[in-house]
Amino acid sequence: MVDLYLEDRQSGQGRLLEDNTPAQEAYTQLLARGWSHQVKTDGTQFFRDSQPLGVVQHRYALIGTDTPIWAAWGGPAREPHWRARFSRGTPTTLAAAFTTSLVSTELVSRAVKDIPSQTRRHLYVAATTPAQQTSVSSPLPPPPARHGPSRAR
């Protein structure tokens with residue numbers, strides 16, 4: 001696979017990076033989860049989480065060649081807790097996979113030692129419901145014996 005990448009890179013054809021995925025595939029998931037959308041006149045659009053925990057920026061009209069097409073960050077814009085940048089050569093499919101993962105509600109299990117100390121205060125522990133134990137059912141007791149006359153056929 002590396003050989004194919006190097007060959008493609010040297011040829012300048014970019015066949016491995018061709019991607020016909022429309023840009024909206026990368027932000028449809030954000031909008032479906034309630035993220036706000038802001039379009040600016042400089043060719044940039046922003047998607048913001050309602051809590052404000054994250055921002056995704058998309059440059060649909062590039063100003064410079066090294067300007068990333070997609071950028072994302074969490075926390076304050078001036079000093080984010082994390083950042084991700086996707087250059088012009090990044091397939092839109094990869095940006096879409098990133099944004100889908102970003103809004104996923106699937107629980108992630110991590111040990112405290114695996115979480116950087118500066119971000120620990122921004123996390124919370126999700127309450128889980130204990131697994132329901134299935135009890136072995138015992139047979140129903142026989143009905144109590146009736147004293148006195150009874151009719152039986």
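This is a predicted model: local features need pLDDT of at least 70, side-chain atom pairs count only at pLDDT 80 or more; totals for chains, interfaces and linings use all residues.
**View 1. The chain as a whole.** Three helices and five strands are found in the chain, and, read along the sequence, they follow the pattern α-α-β-β-β-β-β-α. Of the 153 residues in the chain, 24% are buried. Among the contacts with a separation of 6 or more, those between residues 24 or more positions apart account for 24%.

View 2. The five strands form an open sheet in the order β1-β2-β3-β4-β5, and their pairing is antiparallel. Strands β1 (36-39) and β5 (82-86) stand at the edges and have a single partner strand each, so one side of each is left without a neighbour in the sheet. From one strand to the next, the twist averages 15°.

**View 3. The hairpin of β1 and β2.** Strands β1 and β2 run antiparallel and are joined by four bridges, with V39 standing opposite Q45 in β2. The two strands form a hairpin with four residues between them, and G43, which lies in the turn, has a positive phi of about 90°. Four of the five residues of β2 are buried, so this strand is largely enclosed by the rest of the structure.

**View 4. The hairpin of β2 and β3.** Five bridges pair β2 with β3 in the antiparallel sense, and within this pairing F46 stands opposite Q57 in β3. Here the hairpin has five residues between its strands.

**View 5. Strand β4 between β3 and β5.** Strand β3 (residues 54-59) is joined by five bridges to strand β4 (residues 70-74), and the two run antiparallel; H58 stands opposite W70 in β4. Strand β4 is also joined to β5 by five bridges, again in the antiparallel sense, and W73 stands opposite R83 in β5. In a regular strand the side chains alternate between the two faces of the sheet. In β4 both faces are covered, since W70, A72 and G74 on one side and A71 and W73 on the other are all buried; five of the five residues of this strand are thus buried.

View 6. R85 has its place in strand β5, and, because its relative accessibility of 60% is over the 50% limit, R85 counts as exposed. Although R85 and A95 are 10 residues apart in sequence, their C-alpha atoms are 9.4 Å apart in space.

**View 7. Helices α2 and α3 against the sheet.** Strands β3 and β4, joined by five bridges, are touched by both of the helices shown here. Helix α2 (residues 24-32) packs on the sheet through contacts with β1, β2 (44-48), β3 and β4, and its direction makes about 40° with that of β2. Helix α3 (residues 92-102) also packs on the sheet, where it touches β3, β4 and β5, and its direction makes about 155° with that of β5.

**View 8. The contact of α2 with α3.** Two packed helices are described by the angle between their axes and the distance between the axes. Helices α2 and α3 pack at an angle of about 10°, with their axes 7 Å apart; as this angle is under 35 degrees, the two helices are therefore roughly parallel to each other. On the side of α2 the contact is made by E25, A26, Q29 and L30, and on the side of α3 by A95, A96, T99 and T100. These residues divide into four nonpolar, three polar and one charged.

View 9. The largest nonpolar core has 14 residues, of which A26, Y27, L30, W35, F47, V56 and W70 touch the most other members. At least two residues of this core are supplied by each of α2, β4, β5 and α3, and α2 gives the most, with three residues. When its neighbours within four places in sequence are left aside, L30 is in contact with W35, F47, V56, T99 and V103.

Technical notes:
Residues are numbered from 1 along each chain as its sequence is written. Side-chain values use heavy atoms; hydrogens and water are left out. Two strands pair if DSSP finds at least two bridges between them. Axes are lines fitted to C-alpha atoms, for helices over the stretch in contact, and angles run from 0 to 180 degrees between N-to-C directions. Contact means heavy atoms within 4.5 Å. A nonpolar core is a set of buried Ala, Val, Leu, Ile, Met, Phe, Trp, Tyr and Cys residues joined through side-chain atoms within 4.5 Å. Buried means under 20% relative accessible area, exposed over 50%, partly exposed in between (1.4 Å probe, protein chains only). Angles under 35 degrees count as roughly parallel, over 145 as roughly antiparallel, 65 to 115 as roughly perpendicular and the rest as oblique. Ala, Val, Leu, Ile, Met, Phe, Trp, Tyr, Cys and Pro count as nonpolar, Asp, Glu, Lys and Arg as charged, and the others, Gly among them, as polar.
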